[in-house]
Amino acid sequence: MEHTAHTEHQHQHQHQGQGHGQGHDHGSGHGSGTASWATAAQATLHCLTGCAIGEVLGMVIGTAAGWGNLPTTLLAIVLAFFFGYSLTMRGVLRAGVDLRTAIRVALAADTLSIAVMELIDNGVILVWPSAMDATLADALFWISLAVSLVIAFVVTTPVNKWTIGRGKGHAVVHQYHH
């Protein structure tokens, strides 16, 4: 997912000659002690996209292969982190940075967000009656997955608002956006 909404923010940021992380406010609040709910929701939506891709792919692979709940869930979590980090790295690499820097930025930007999202998402599925036993052909599989991702989004957005407002989490990505 592209972060085009922050392009003008970065453009203004560069023309004012401020270093990233210094106190400034152009409406998004990166590093200024506050972050808008819209900025936090956008960061969470970015995280949700990677998590959802990984979750669905992991569940589909594990379920189709006839794996049990634990290996399927572990695969889904690993793939959620992989795709979450990959989406961030894609944007950072486009900014012309080296792979090592892109990896460090993705880890700094997304680790807490993905971890919270996965904890909530998998926790909801775990406590949802019969969701762990649903197959790909069951509506319960897709409904419980969709609802768990929505709940994870709602819980993770304030976490991202807090970290972005402190110049951490997804805020570190914005210096690389064009």
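## Where Val173 sits

Helices here are DSSP runs of at least four residues, numbered from the N terminus. By that count, Val173 lies in the segment after helix 5 (139-165). The model is predicted.

Val173 is buried, because its relative accessible area is 2%, and the cut-off for buried is under 20%. Leave aside its neighbours within four places in sequence, and Val173 is in contact with Thr88, Val92, Val105 and Ala109. Val173 can also be compared with Ala102: the two are 71 residues apart in sequence, and their C-alpha atoms are 9.2 Å apart in space.

Thr88 belongs to helix 3. Is Thr88 buried or exposed? Thr88 counts as buried, because its relative accessibility is 3%.

What does Thr88 touch, not counting residues up to four places away in sequence? The list is His46, Ala106, Ala109, Asp110, His170 and Val173. Ala109 is also a contact of Val173.

## Helix 2 against helix 3

Two packed helices are described by the angle between their axes and the distance between the axes. Helix 2 covers residues 37-64, and helix 3 covers residues 69-94. They pack at an angle of about 145°. Their axes are 7 Å apart. The crossing of helix 2 and helix 3 is right-handed. The residues of this contact divide into 12 nonpolar, 10 polar and 1 charged.

## Thr157 in helix 5

Thr157 is found in helix 5. Thr157 is buried, because its relative accessible area is 7%. Residues up to four places away in sequence are again not counted, and Thr157 touches Trp37, Ala40, Ala41 and Thr44.

How many disulfides does a search of the whole structure find? The search finds 0. Look at Cys47. The closest cysteine sulfur to its own is in Cys51, at 3.9 Å.

Technical notes: Residues are numbered from 1 along each chain as its sequence is written. This is a predicted model: local features need pLDDT of at least 70, side-chain atom pairs count only at pLDDT 80 or more; totals for chains, interfaces and linings use all residues. Side-chain values use heavy atoms; hydrogens and water are left out. Axes are lines fitted to C-alpha atoms, for helices over the stretch in contact, and angles run from 0 to 180 degrees between N-to-C directions. Helices (H or I, at least four residues) and strands (E, at least two) are DSSP runs, numbered from the N terminus. A crossing is left-handed if the near helix is turned anticlockwise from the far one by less than a right angle, and right-handed if clockwise. Ala, Val, Leu, Ile, Met, Phe, Trp, Tyr, Cys and Pro count as nonpolar, Asp, Glu, Lys and Arg as charged, and the others, Gly among them, as polar. Buried means under 20% relative accessible area, exposed over 50%, partly exposed in between (1.4 Å probe, protein chains only). Contact means heavy atoms within 4.5 Å. A disulfide is a pair of cysteine sulfur atoms within 2.5 Å.
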